[in-house]
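Take a look first, and then we can walk through it topic by topic.

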Amino acid sequence: MRRKFGPDWKAVAARPRPPDLDEDLKDYLMTFDVATMADLQRELAKPYPHQEELDPRKHFDFKWIKDTVSLWSNMYTKSPSPFATKGLTELYWRIHVWSCIDTLFDSIDETMFLPGEGQALDSMARRNQDNKTGRKKPGYKTDGTLRTVQIPPADWLVVEGGKSLDIFGAKYLQESGWKVPREMHDILYGRMKDTTPKAARQIQIPGLVLSGKPFFFFFFCLFAFVV
């Protein structure tokens, strides 16, 4: 592979990084780095930065952090503890832990996160590009998609989840090693067609694999697609 790309290999093999957080967001996150749940509740009782300005779009990230920490803190004070309870379903963790993803992108215009098993638009386009049967093939189903809803709609993120994913198990390997990268590849290819070659190099498509308590984060960019 290195020989194939020659001097471009360094750029091709580079691992893209998510954008850095603003310093004020980092400082706010660190206010929740406390020793006890009582201390945490006291921090949550305080207004988030700039809350008095009543501009939720401008300072949405602060509000989202506070809401998410509050959501997760409830899991640690609940009795019995969900972390010590067997038999909890995938939907339970999706609602009580990972519902924070549903509101993560609320400050972006014309964009909605669509939870549940919906069809991926770009995989549908790929599966039908050479279809001459007259019957439209459906796209692959995902557990969540970030989609701009203007005409035409476009996907930007894909989510897959499971009740409990063993990193050595077949389901985890299928989700993280095949299904999510495949959907991310389709999304990236679709977005590249909508822009210029120069702008395409800046496209980064994230993917999430949720598994009960933990989650796995994938970040996909143009160079990963080229490989």
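Let's start with one side chain: Phe-32 has a relative accessibility of 11%, so this residue counts as buried. Keep in mind that the model is a predicted one. Phe-32 is a handy entry point, since the notes below come back to this residue under several headings.

**The chain as a whole**

- The protein chain has ten helices and five strands.
- Among its 227 residues, 37% count as buried.
- Looking at contacts in the protein chain with a separation of 6 or more, 56% are between residues 24 or more positions apart.

**Aromatic rings**

- How many aromatic pairs does the structure hold? There are four aromatic pairs.
- One of the pairs joins Tyr-28 and Phe-32: the ring centres are 5.1 Å apart and the planes stand at 75°, so this is an edge-to-face pair.
- Tyr-28 has a relative accessibility of 7%, so it counts as buried, and Phe-32, at 11%, is buried as well.
- Trp-72 and Trp-98 also make an edge-to-face pair, because their planes meet at 80°, with the ring centres 6.0 Å apart.
- What does this tryptophan pair tie together? Trp-72 belongs to helix H5 (residues 60-77), while Trp-98 is in the loop between helix H6 (90-96) and strand E1 (111-119), so the pair ties together parts that are 26 residues apart in sequence.
- Is each tryptophan buried or partly exposed? Trp-72 is partly exposed, with a relative accessible area of 33%, whereas Trp-98 is buried, at 6%.
- Ring pairs also link Phe-62 with Tyr-28 and Phe-32 into a cluster.
- A charge meets a ring elsewhere: the charged end of Arg-191 sits over the ring of Trp-156, at 5.7 Å from the ring centre.

**Nonpolar cores**

- The largest nonpolar core is made of 26 residues, and Phe-32, Ile-65, Ile-101 and Phe-113 have the most contacts inside it.
- Several elements give two or more residues to this core: helix H3 (23-30), helix H4 (37-45), H5, H6, strand E3 (154-162) and strand E4 (204-211).
- Which element gives the most to this core? H5 does, with six residues.
- Ile-65 is in contact with Leu-25, Tyr-28, Leu-29 and Phe-32, leaving aside its neighbours within four places in sequence.
- There is also a second, separate core of nine residues, and Val-158, Val-180, Ala-200 and Ile-205 are among them.

- Asp-186 is found in helix H8 (residues 170-192).
- With a relative accessibility of 6%, Asp-186 counts as buried, because the cut-off for buried is under 20%.
- Which side chain does the side chain of Asp-186 make a polar contact with? The partner is the side chain of Arg-126, at 2.8 Å.
- Not counting residues up to four places away in sequence, Asp-186 touches Asp-122 and Ser-123 as well as Arg-126.
- Asp-122 and Ser-123 turn up again among the buried residues of helix H7 (residues 121-128), together with Met-124 and Asn-128.
- The buried residues of H7 pack against H8, E1 and E3.

Key: Residues are numbered from 1 along each chain as its sequence is written. This is a predicted model: local features need pLDDT of at least 70, side-chain atom pairs count only at pLDDT 80 or more; totals for chains, interfaces and linings use all residues. Side-chain values use heavy atoms; hydrogens and water are left out. Helices (H or I, at least four residues) and strands (E, at least two) are DSSP runs, numbered from the N terminus. Buried means under 20% relative accessible area, exposed over 50%, partly exposed in between (1.4 Å probe, protein chains only). Contact means heavy atoms within 4.5 Å. Rings of Phe, Tyr and Trp (its six-membered ring) pair if their centres lie within 6.5 Å; planes under 30 degrees apart count as stacked, over 60 as edge-to-face and the rest as tilted. A charge sits over a ring if NZ of Lys or CZ of Arg is within 6 Å of the ring centre and within 35 degrees of the ring normal. A nonpolar core is a set of buried Ala, Val, Leu, Ile, Met, Phe, Trp, Tyr and Cys residues joined through side-chain atoms within 4.5 Å. A polar contact is a pair of N or O atoms within 3.5 Å; within protein, one must be able to donate a hydrogen and the other to accept it, and residues adjacent in sequence count only if both atoms are side-chain atoms.
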